[in-house]
Amino acid sequence: MRPAPVVLVSGPEQFLAERAVRQLRDQLVAEDPSLEVHDLEADHYQPGELITLASPSLFAEPRLLRVVSVEKCTDAFLTETLRYLESPADDTYLVLRHGGGVRGKKLLDTIRAGVGGGVEVVCAELKKETEKHDFAAGEFRSARRRVSGGALRALVTAFSDDLAELASACQQLISDAADEITEATVEKYYAGRVETNAFKVADAAIAGRQGEALVLLRHALSSGADPVPVVAAFAMKIRTMAKVQGVYGPSGQLASRLGMAPWQVERAQRDVRGWSEEGLGRCIELLAETDAAVKGAQRDAIYALERMVTTVATRGALGR
């Protein structure tokens with residue numbers, strides 16, 4: 001992120017977008033504490049607002065104009081912003097937040113062409129585990145902190161559903177933990193994390209340890225775990241196993257082909273040993289039923305969870 005007369009912050013990942021805009025503001029304030037900050041909503045834009053806010057003030061303070069909802073902007077906003085790009089105001093930084101879609105395409109293309117000194121910061125959604133792993137590694141690298149591979153895997157597993165929470169967890173460890181951050185450090189800080197408990201249940205069941213899996217499940221539920229993330233943890237593990245079932249080759253090559261990290265491929269290959277394609281298919285069907293059950297399709301969500309755990313622990317042998 002760097003200051004420019006016009007900055008387009010595009011893409012669906014809201015956390016990254018908010019961080020980018022915040023970083024820009026911090027940079028500008030560090031350069032000049034008198035920075036004026038104004039916020040606009042492109043979907044409720046009134047004609048003349050942009051020009052009014054960008055006009056020089058009496059004391060010539062620099063200005064940061066932050067505009068949200070550009071993907072839903074009014075026609076007046078499009079027209080006036082395109083005109084503004086032809087001659088941006090001095091000492092003014094215009095930041096446009098566009099979450100995605102085709103609305104405002106002409107404006108986006110104009111900025112991407114560099115008109116008005118515009119630059120783009122792309123905030124794409126991080127969907128793959130490898131992307132989240134790289135993101136977490138980058139957090140520690142930026143802070144010049146040492147972190148083990150096991151710690152990174154544990155963090156991504158525990159906070160895979162929310163990038164903001166993953167970033168927050170990384171920053172807490174960076175601030176509080178001494179020396180190298182290891183898997184034991186993560187366990188110490190986040191042992192009660194619901195998703196971590198869910199994955200422990202799934203790991204025990206997939207390994208065939210039925211009794212242990214049921215005990216862990218009941219402990220997680222009694223500690224306040226929501227049934228939905230528990231099913232999600234099972235689904236993530238089983239889907240990964242299904243990807244590597246019957247596929248052979250070096251983990252690095254398979255990781256590239258399957259969109260996974262090499263360690264994920266190796267873990268899934270270990271997990272799937274002793275499983276048949278029929279057993280995997282049966283469990284996938286049951287996971288879909290259990291997901292519906294815990295979301296209200298059945299009256300007894302706990303029974304549905306226990307049936308799922310038992311079936312997975314017996315490699316799908318119990319069927320439905």
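Predicted model: local features only at pLDDT ≥ 70, side-chain atom pairs only at ≥ 80, totals over all residues.
Next I listed which residues of H3 (residues 75-85) are buried. They are Phe 77, Leu 78, Glu 80, Thr 81, Leu 82, Tyr 84 and Leu 85.

I then looked up the largest nonpolar core, which has 39 residues. Phe 135, Phe 140, Leu 155 and Leu 166 touch the most other members. The elements that give this core two or more residues are E1, helix H1 (14-31), E4, helix H5 (129-142), helix H6 (149-158), helix H7 (163-176) and helix H8 (183-190). H7 supplies the largest share, seven residues.

I picked Phe 135 and asked which residues it touches, not counting those up to four places away in sequence. I found Phe 15, Leu 16, Arg 19, Leu 126, Leu 163, Leu 166 and Ala 167.

Another core, of 36 residues, lies apart from the largest one. Its members include Val 230, Phe 234, Ala 268 and Leu 305.

My last entry is on Asp 300, in the loop between helix H14 (277-297) and helix H15 (301-313). Is Asp 300 buried, exposed or partly exposed? Its relative accessibility is 42%, so I wrote down partly exposed; the cut-offs are under 20% for buried and over 50% for exposed. The side chain of Asp 300 reaches the backbone nitrogen of Ile 302 at 3.3 Å.

Definitions and conventions
Residues numbered from 1 in each chain as written. Heavy atoms only, no water. Buried < 20%, exposed > 50% of the residue type's maximum accessible area, 1.4 Å probe, protein only. Helix = DSSP H or I, 4+ residues; strand = E, 2+ residues; numbered from the N terminus. Polar contact = N/O pair within 3.5 Å; in protein donor to acceptor, adjacent residues only side chain to side chain. Core = buried A, V, L, I, M, F, W, Y, C linked by side-chain atoms within 4.5 Å. Contact = heavy atoms within 4.5 Å.
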